[in-house]
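I opened this entry to keep track of what I looked up.

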Amino acid sequence: MSTFRPRRVLVTGGAGFIGSAFVRRALARFDGLDRLVVLDALTYAGHEVNLAEVADDARFRFVRGDICDHPLVARLFAEDDYDTVFHLAAESHVDRSIDAADAFVRTNVAGTFTLLDVARRAWGPDAAASRRFVHVSTDEVYGALGPEGEFTEDSPLCPTSPYAASKAASDLFVGSFYKTHGLPAVITNTCNNYGPRQLPEKLLPLMIVHAAEGRPLPVYGEGKQVREWIHADDHADGLCLAAERGVPGERYNFGSGDESSNLELVTRVADLVDAALGRPEGTARAQITFVEDRKAHDFRYAVDCSKAKEQLGFLASRALADELPRTVAWYLANEDWRRAVATDEHARFQRAHYAGRGGQGGRP
Ligand code: NAD
Ligand code: DAU
């Protein structure tokens, strides 16, 4: 198996949850890395505090900017001659895409196109030996499963939410640039991530913070939907492998096998928070509030990642049973971080979203 070695790297969306986990991992892992540039617009979801640990690394540079800004992206490619792009920048929250999808089309579709267009012009048609474009996508592009089965890389794209549709559209653009222009691109499709520094709009951090603060834990519908949970550090390892060993034109699923229904997971979180705060058992469980379901809520996602295992050597090594207590502890211990990422825009969306569905999610 030949190994590609990234040296001059562009990471889009590096100030977000997975992007910042990836940046820490890439700086530690890639031998011979000269520079790593993060391009991030710092939307409501991006925060430089997530990159504080690497800010003094001489190989690291942060650029605040928009992936839709063609002249800016072209200038960065000209300045740094990237050999590897890890594209994580996206609007990532399904509920927001149901409320208004404009930003999803702009960033996830047009922004991805901008990066592809600049990369193929900068790299030319014969870049397979010397360049990689890793497009970070999601299992949601495949649509929903029933209680059995798993998505493979050959499952048809059948997205439900506007978020998933925008990611599927970006996957198709990436595939078209590989086929048409020979752009050496690899697509990764990963299940639900968890871990430190995830914005408390996503299920796990939202429930941890609400449980700790004595607020309602808003479970959509009856909480029967099932998600597969991978630690963001395992996902970050997978993305490194996708660049090092991935074959251009191929798609790789990353998963963990750790499935849980939403209600099961929220109950576990509630108990962990009670235990951590020394409260009587059942305190946080009593905060569980069933609220109006998400529109067109996908029942289950699960991925077969045997291709990534066999071809890349990928294996998620962090189990939810071990990492969930650590994740809960991280959010409880990092109130400063919680304050640093709480924006007015985020608070406004949360208030409107949960008030509108009969919950009192309120302030983040
Ligand atoms: P996030 O919302 O935490 O971070 C997204 C980042 O992108 C933020 O830093 C934001 O400022 C930046 N960004 C948004 N629009 C931008 C623009 N126009 N220009 C430049 N930067 C912009 O998201 P995340 O959960 O870390 O997800 C990262 C990637 O992984 C996304 O592509 C997402 O679709 C994918 N993904 C996420 C999960 C998950 O469970 N969170 C699972 C599979 C795949
Ligand atoms: O599967 C990968 C995807 O996982 C990523 O592509 C997305 O970027 C990421 O946001 C995530 O999407 P989900 O919709 O699965 O994640 P979310 O945390 O929003 O919700 C997880 C489950 O919990 C889902 O079934 C909806 C439910 N939920 C969510 C929230 C925010 C609730 O019951 N209550 C809530 O308040």
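My notes follow, topic by topic.

**Starting point.** I am working with a predicted model.

**The sheet of 7 strands.** I began with an open sheet of 7 strands, paired in parallel. I wrote down its order as β3-β2-β1-β4-β5-β6-β10. Which strands stand at the edges? I found β3 (60-64) and β10 (251-254) there, each with a single partner strand, so one side of each has no neighbour in the sheet. From one strand to the next I noted an average twist of 20°.

I then looked at one pair inside this sheet. Strand β2 (residues 35-40) runs parallel to β1, and 5 bridges join the two. As an example, I looked up Leu10 and found Val37 of β2 as its bridge partner.

Next I asked which helices pack on the sheet. I found α2 touching β1, β2, β3 and β4. The direction of α2 makes about 175° with that of β2. I also found helix α5 (residues 162-181), which touches β5 (132-138), β6 (185-190) and β10. For α5 the angle is about 155°, taken against the direction of β5.

**The sheet of 3 strands.** I turned to another open sheet, with 3 strands in the order β7-β9-β11 and mixed pairing. Its edges are β7 (192-194) and β11 (259-261); each has a single partner strand, so one side of each is left without a neighbour in the sheet. Neighbouring strands here are turned by 45° against each other on average, with direction ignored.

I checked how β9 and β11 pair: parallel or antiparallel? Strand β9 (residues 226-231) pairs with β11 in the antiparallel sense, over 3 bridges. One residue I followed was Val226, whose bridge partner in β11 is Ser261. Helix α7 (residues 232-245) packs on this sheet and touches β7 and β9. I noted about 70° between the direction of α7 and that of β9.

**Helix α6 with α8.** I looked up helix α6 (residues 203-213) against helix α8 (residues 262-277) and found that their axes come within 9 Å and cross at roughly 40°. The two helices are therefore oblique to each other. Their crossing is right-handed. On the α6 side I listed Leu203, Leu204, Met207, Ile208, Ala211 and Ala212 as making the contact. On the α8 side I listed Asn262, Leu265, Val266, Val269, Val273 and Leu277. I sorted the residues of this contact into 11 nonpolar, 1 polar and no charged.

**Helix α6 with α10.** I then took α6 against helix α10 (residues 320-333), where the axes are 10 Å apart and the packing angle is about 60°. That angle makes α6 oblique to α10. α6 passes α10 in a right-handed crossing. Which residues of α6 meet α10? I wrote down Leu204, Pro205, Ile208 and Ala212, which meet Leu324, Thr327, Val328, Tyr331 and Leu332 of α10. The residues of this contact divide into 8 nonpolar, 1 polar and no charged.

**Salt bridges.** Last, I searched the whole structure and counted 31 salt bridges. I picked out one of them, between the side chains of Arg8 and Asp81, at 3.4 Å from N to O. Arg8 lies in strand β1 (residues 8-12), while Asp81 lies in the loop between α2 (70-80) and β4 (84-87). The pair is 73 residues apart and links distant parts of the chain.

Conventions:
Residues numbered from 1 in each chain as written. Chains lettered and ligands numbered in written order. Predicted model: local features only at pLDDT ≥ 70, side-chain atom pairs only at ≥ 80, totals over all residues. Heavy atoms only, no water. Pairing = 2+ DSSP bridges. Helix = DSSP H or I, 4+ residues; strand = E, 2+ residues; numbered from the N terminus. Axes fitted to C-alpha atoms, helices over the stretch in contact; angles between N-to-C directions. Contact = heavy atoms within 4.5 Å. Parallel < 35°, antiparallel > 145°, perpendicular 65-115°, else oblique. Left-handed = near helix turned anticlockwise from the far one by under 90°. Nonpolar A, V, L, I, M, F, W, Y, C, P; charged D, E, K, R; others polar. Salt bridge = Lys/Arg side-chain N within 4 Å of Asp/Glu carboxyl O.
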